[in-house]
Amino acid sequence: MKIAMANDHAGTAMKNSIKKYLESMGHEVVDYGSYDENSCDLSDFVYPAALAVAKGECDRGIFVDGVGYGSALIANKIYGIYAAVCQDPLCARLAREHTDSNVLCLGAKIIGGLMAEETVKVWMTTEPLMQEKYRNRVKKVEEINNKHCKQLDDD
């Protein structure tokens, strides 16, 4: 699977660790930065990474900032992105099973490296539940997306 990754200065170390973990699992990682711990604007990195997922250039995204919510707020502005902030493996499992999220947002100031790795592992390996009630819920969210978000142009 091809994974878009992005972060701000607070998430650099955790992103680099997760990137190595994903590559060891056989995934291809496209790193949109930031590449150091100098203060930066999260949107400069999350926005292009989220676009890559929305356009199908990457299968999923994993974004790391201080708390995770900044990444999710930015990513969820993009048509077709369903970003979830997860702080533990249970949240990750539910985010995939119940909502079919395509972007995982992590908070490097909230969780440690081992918890992040396990959260990523669960999120990457969990499939959406196929029961009708879950499919209907995901469909309703997609309908809201289609009604209120602008579809991406090809440029």
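Me: What is the relative accessible area of C91?

Reply: The relative accessible area of C91 is 34%, so this residue counts as partly exposed. The model is predicted: local features need pLDDT of at least 70, side-chain atom pairs count only at pLDDT 80 or more, and totals for chains, interfaces and linings use all residues. Residues are numbered from 1 along each chain as its sequence is written, and side-chain values use heavy atoms, with hydrogens and water left out.

Me: How many disulfides are there?

Reply: A disulfide is a pair of cysteine sulfur atoms within 2.5 Å. By this rule the structure has zero disulfides. For C86, the nearest cysteine sulfur belongs to C91 and is 5.6 Å away, and C86 is in no disulfide. C91 is likewise in no disulfide; its nearest cysteine sulfur is that of C86, at 5.6 Å.

Me: Is C86 buried or exposed?

Reply: C86 counts as buried, because its relative accessibility is 1%.

Me: How many salt bridges does the structure hold?

Reply: A salt bridge is a side-chain nitrogen of Lys or Arg within 4 Å of a carboxyl oxygen of Asp or Glu. The structure holds five of them. In one, K15 pairs with D31, and the closest N and O atoms are 2.8 Å apart.

Me: What separates E97 and R93 in helix α4?

Reply: About one helical turn separates them, because E97 and R93 are four residues apart in helix α4 (residues 89-99). Their side chains meet in a salt bridge, 2.9 Å from N to O. E97 is buried at a relative accessible area of 14%, whereas R93 is partly exposed at 34%.

Me: Which side chain does D100 meet in a salt bridge?

Reply: The side chain of D100 meets that of R96, at 2.8 Å from N to O. R96 counts as buried, with 4% relative accessibility, while D100 is partly exposed, with a relative accessible area of 31%.

How values were computed: Buried < 20%, exposed > 50% of the residue type's maximum accessible area, 1.4 Å probe, protein only. Helix = DSSP H or I, 4+ residues; strand = E, 2+ residues; numbered from the N terminus.
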